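Take each task on your own first, then walk through the solution.

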Amino acid sequence: MNATNATNAMKTTTRKRSNAPIFWALFGAGGMLSALFGPMLVFITGIAVPLGVVLPKDTMSYPHMLAFAQNLIGKGFIFAIIALFLWHAAHRIFHSLHDIGIHAGTGAKLLCYGLAMVGTVIAAYALLAIGF
Amino acid sequence: MNKRRPYVRSMDGWWRKNPFFVEYMIHEGTALFVAAYAGILLNGLVHLSQGEAAWNVWLLGLKSSWYIGFHVLTLIALGYHTYTWFKIMPRTMPPVVVGGQRLSAWAITGSGLAVAAAAMAALLGLVWGMAR
Amino acid sequence: MSDNQKVIEIEVLRYHPEKDKEPHKQVFEVPFTDDMSVLQGVQYIKDYLDGSLSFRWSCRMAICGSCGMMINGEPSLSCQTFLRDYYPARVRVEALSHFPIERDLVINMEGFMEKLESIQPYIIPKEPRTLQEGEYLQTPEQLNEYEQFSSCINCLLCYAACPQFGLNSSFIGPAATALLHRYNVDSRDGGKAERMELINSEEGVFNCTAVGYCSEVCPKHVDPANAVNQNKTISAADYFLRFLTPKGGAK
Ligand code: FES
């Protein structure tokens with residue numbers, strides 16, 4: 001291919017715009033949120049409260065958690081944490097599948113992002129069911 | 001006849017061939033823990049929406065040594081995510097110029113980690129304050 | 001050759017398209033002195049041991065960008081990598097990863113040349129300017145915006161360091177994006193809208209997963225990963241805001 005042909009070929013190719021920004025933005029938001037709060041959240045819900053150390057014993061008692069989940073800010077926090085963590089993980093895992101040679105394309109994409117979507121819907125539904 | 005026969009090497013196992021890539025796969029792998037943790041929280045949220053009895057079942061489940069062990073692993077994974085998230089930050093964000101000088105990579109990573117530490121301390125303080 | 005002449009083993013990945021089905025290793029014993037680069041070691045092989053060995057080089061001073069090779073698995077300029085740092089172990093040299101091997105240590109870089117052309121690596125003036133209007137003026141701050149990204153010598157080490165390019169060769173990749181960015185942020189340039197089309201496309205920056213090794217191996221501190229990732233932000237902003245602004249990059 002000579003230079004002029006190459007230039008012409010390139011000028012005429014119409015490139016398809018990537019829709020990655022949607023997933024990338026969710027990935028970034030979830031990544032930032034988990035980097036800022038993730039370890040402490042895990043410590044609180046997974047270690048301190050179950051073992052009854054550091055925090056008061058009834059920190060995650062039903063009345064406490066219900067009140068938190070009924071509060072608008074609390075609702076937003078729970079929703080952001082669960083949904084964005086899921087989208088962050090889905091995006092990374094989707095790329096990692098590609099990295100290790102599973103180029104399942106649409107299949108892998110549907111599975112990863114699909115699960116994140118399902119989780120988001122369930123979270124939204126549960127938060128609505130809890131009421132205000 | 002064209003004697004050229006460019007040889008394309010396989011990408012199989014590329015991430016095992018260089019320590020830099022091994023580290024990359026490990027920090028990408030933290031996403032599995034982020035996903036699992038989001039799943040645990042989502043499960044808890046669903047239980048919360050089903051009333052006090054259901055919530056207490058979930059809360060009790062957290063006390064099992066399997067869950068505790070898993071949360072310890074998750075804490076390590078998310079801690080590593082926090083570290084690597086800010087470690088790569090100088091490469092991913094636009095240059096920050098302070099007083100005519102470009103902020104060094106370490107200054108960016110360091111401030112990121114400091115903000116994360118503050119955010120986590122604030123979260124713990126807030127939870128402690130609300131539970132008291 | 002004196003008695004205390006040091007000899008290092010250099011293992012080369014050979015490939016001769018007319019004879020070989022696939023590449024194979026060949027080990028040479030090369031006498032060397034502490035001031036010898038890996039390139040000089042390979043040149044010794046060609047001059048004294050096997051004249052058929054093929055590789056590229058020119059300046060021997062890390063500026064022409066022709067001598068890139070995988071040295072012990074790391075993308076390196078062979079003229080600024082020294083044999084003494086590997087002795088007494090064997091040093092492995094191989095053609096740059098992720099590119100097709102044309103022959104021995106010579107890669108096929110046609111794909112990159114096309115990418116280089118596609119980014120329009122020259123200033124596209126905002127408006128035509130006559131000679132009488134004089135030269136373009138730039139402040140030191142405006143120069144700072146792009147200077148780092150203009151240091152690229154097209155050695156392709158960053159591509160050999162980029163697994164995403166290895167997995168998908170249509171990805172525009174680190175060096176081309178860095179150079180594209182270099183023109184986009186140049187105050188004299190007006191071609192950004194045209195170039196962003198490539199950034200935004202499926203061949204564009206979103207193939208990058210921020211591995212960051214490209215910037216690690218860059219011999220000129222261009223930091224291509226930064227150019228790629230800055231453009232993710234720019235591209236995403238345009239993706240979401242294009243409907244709000246009268247003339248976004250909507251296509
Ligand atoms: S020979 Fe020119 S860069 Fe190494």
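## Exercise 1: Two domains in one chain

Task: Find how many residues of domain 1 of chain C are in contact with domain 2 of chain C, and describe the area buried between them.

Solution. Start with the contacts: 16 residues of domain 1 of chain C touch 16 residues of domain 2 of chain C, where contact means heavy atoms within 4.5 Å. Before going on, a word on what you are looking at: this is a predicted model, in which local features need pLDDT of at least 70, side-chain atom pairs count only at pLDDT 80 or more, and totals for chains, interfaces and linings use all residues. Residues are numbered from 1 along each chain as its sequence is written, chains are lettered from A and ligands numbered from 1 in the order in which they are written, and side-chain values use heavy atoms, with hydrogens and water left out.

Now take the area. About 1200 Å² is buried between domain 1 and domain 2 of chain C, and carbon and sulfur atoms give 71% of it. Buried area here is the accessible area (1.4 Å probe) that two parts lose on being put together, summed over both. On the domain 1 side, C:Pro75, C:His98 and C:Phe99 supply 48% of the area buried against domain 2, more than any other three residues.

Four residue pairs are in polar contact, both residues at pLDDT 80 or more. A polar contact is a pair of N or O atoms within 3.5 Å; within protein, one must be able to donate a hydrogen and the other to accept it, and residues adjacent in sequence count only if both atoms are side-chain atoms.

Last, find the elements. Strand E3 (68-71) and strand E4 (74-77) of chain C each supply at least two residues of the domain 1 side, and E4(C) gives the most, with four residues. Helices (H or I, at least four residues) and strands (E, at least two) are DSSP runs, numbered from the N terminus.

## Exercise 2: Chain A against chain B

Task: Which helix gives the most residues to the side of chain A that touches chain B?

Solution. First, count the contacts: 53 residues of chain A meet 48 residues of chain B. Together the two chains bury about 4500 Å², with 79% of it on carbon and sulfur atoms.

Second, check the polar links. The interface of chain A and chain B has twelve residue pairs in polar contact, both at pLDDT 80 or more. Helices H2 (20-51), H3 (62-70), H4 (72-99) and H5 (106-130) of chain A each supply at least two residues of the side facing chain B. H2(A) gives the most, with 20 residues.

Third, sort that side of chain A by type: 38 residues are nonpolar, twelve polar and three charged. Ala, Val, Leu, Ile, Met, Phe, Trp, Tyr, Cys and Pro count as nonpolar, Asp, Glu, Lys and Arg as charged, and the others, Gly among them, as polar.

## Exercise 3: A link within chain C

Task: Where in chain C do C:Glu11 and C:Arg90 lie?

Solution. Their closest N and O atoms are 2.9 Å apart, in a salt bridge. C:Glu11 is in strand E1 (residues 6-14) and C:Arg90 in the loop between E4 and E5 of chain C, 79 residues apart. C:Glu11 is buried at 10% relative accessibility, while C:Arg90 is partly exposed at 36%.

Terms used:
A salt bridge is a side-chain nitrogen of Lys or Arg within 4 Å of a carboxyl oxygen of Asp or Glu. Buried means under 20% relative accessible area, exposed over 50%, partly exposed in between (1.4 Å probe, protein chains only).
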